[in-house]
Amino acid sequence: MPITEHQQELLSRYGANYTNGLTTSEASSRRNSTNGGLNKVQKPINCPSWVCCLLPCINHIPSMKQFRYVQPDDAEVLRDGRWIRYDAASLVLGDIVRVAEGDVVPADCVVISLGMEHVDASSIVGDDEEDVGNATSAVANNGIIESLTELTVDSHYITGETKPKHLPCRANQTVQPALLYYGSRVLEGACIALVTGCGERTILAKLIKEGRWPPKGDLSGEVEEIGRMNMDESMNDDYDSSGIALVQRY
């Protein structure tokens, strides 16, 4: 699957390697540069663990129950040229991750390609560009059937939007470099994505800090702008963020 100019520039500016990922030493260095900061988001009600044990009712407050629902357990990350299952809290900016149906998105990230593998889409869905956008071909990967032409993600519990986001393969075999948010869930398909926001720099963390989470309405438009600002903070000021957009809704 081809990569667009915007995606190539993103990979370059984040010092990312699409085919091999970061090395273990590079990831460690980036983590140390943030004073050991982990990819964790502070709870909406941040109390010591002993208080939660004495007052278990805290964990049954709606915001706390919803917070547990959007927490990723682990992440599939490309390190030293190999895909491995890793603690989601250990992700860093510039990591290459892979998410598939049923996964919780482990960080704020941008979609680079659809499917589970670094492959040329034309070798699977045909060489005719007109067929790519409408194709429904699938391939078996380790016993799992995956869609190569679309991705559907539910961000309702993060942004309040009511409809899942749908990201199809374009007619020219590229994919829109869409923003995915920490805590969203993949309903269908799979993708390889670039980590652009971790921990307290994710959209979820910012909304919690501002007292606007769980969302009481559709914040998707505003969240898109926050996502662009987050990316600008971690890259050069002259970066053109117009190449990043939210995926289409059903």
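This tour moves through the structure one selection at a time.

**The whole chain**

The model is predicted: local features require pLDDT of at least 70, side-chain atom pairs count only at pLDDT 80 or more, and totals for chains, interfaces and linings use all residues. Residues are numbered from 1 along each chain as its sequence is written, and side-chain values use heavy atoms, with hydrogens and water left out.

Begin with the protein chain in cartoon form, where 9 helices and 12 strands can be traced. Helices (H or I, at least four residues) and strands (E, at least two) are DSSP runs, numbered from the N terminus. Of the 250 residues in the protein chain, 50% are buried. Here buried means under 20% relative accessible area, exposed means over 50%, and partly exposed lies in between (1.4 Å probe, protein chains only).

**Helix α1**

Select residues 5–13, which form helix α1, and colour its buried residues Gln7, Leu10 and Leu11. Viewed down the axis of α1, these buried residues fall within an arc of 95°, so they line one face of the helix. The arc is that of the directions from the helix axis to the C-beta atoms. Glu5 and Ser12 are exposed on the other side of α1.

Next show the side chains of Glu9 and Arg13, which form a salt bridge of 2.7 Å, N to O. A salt bridge is a side-chain nitrogen of Lys or Arg within 4 Å of a carboxyl oxygen of Asp or Glu. Glu9 and Arg13 are 4 residues apart in helix α1, and about one helical turn separates them. Glu9 is partly exposed at 32% relative accessible area, and Arg13 is partly exposed at 26%. Just after α1, Gly15 has a positive phi of about 60°.

**The nonpolar cores**

Now select Leu11, Val41, Ile96, Leu194, Ile203, Leu204 and Trp213, which touch the most other members of the largest nonpolar core, a group of 28 residues. A nonpolar core is a set of buried Ala, Val, Leu, Ile, Met, Phe, Trp, Tyr and Cys residues joined through side-chain atoms within 4.5 Å. At least two residues of this core come from each of α1, β4 (108–114), β11 (190–197), α8 and α9. The greatest contribution to this core is that of α8, with 5 residues. Another core, of 23 residues, lies apart from it and includes Val105, Cys169, Val175 and Ala178.

Which residues surround Trp213, leaving aside its neighbours within four places in sequence? Among its contacts are Pro44, Phe67, Val70, Tyr157, Leu204 and Ile208, a contact being heavy atoms within 4.5 Å. Step to the peptide bond from Trp213 to Pro214, which is cis, with omega near 0°. Pro214 belongs to the loop between α8 (203–209) and α9 (220–233).

**Strands β1 and β2**

Select Asp74 and Arg85, a salt bridge in which the closest N and O atoms are 3.1 Å apart. Asp74 lies in strand β1 and Arg85 in strand β2, so the pair ties together parts that are 11 residues apart in sequence. Asp74 is partly exposed, with a relative accessible area of 35%, as is Arg85 at 48%.

Between β1 (74–79) and β2 (82–87) there is a loop that holds Asp80. Phi of Asp80 is near 55°, a positive value in a residue other than glycine.

Are Asp95 and Arg79, the next pair to select, buried or exposed? Both Asp95 and Arg79 are buried, and their salt bridge brings the closest N and O atoms to 2.6 Å.

**Strand β7 and its partners**

The last stop is strand β7 (residues 150–154), joined by 4 bridges to the antiparallel strand β8 (residues 165–168). Two strands pair if DSSP finds at least two bridges between them. Thr152 stands opposite His166 in β8. Strand β10 (residues 185–188) also pairs with β7 in the antiparallel sense, over 3 bridges. There, Arg185 in β10 is the bridge partner of Asp154.
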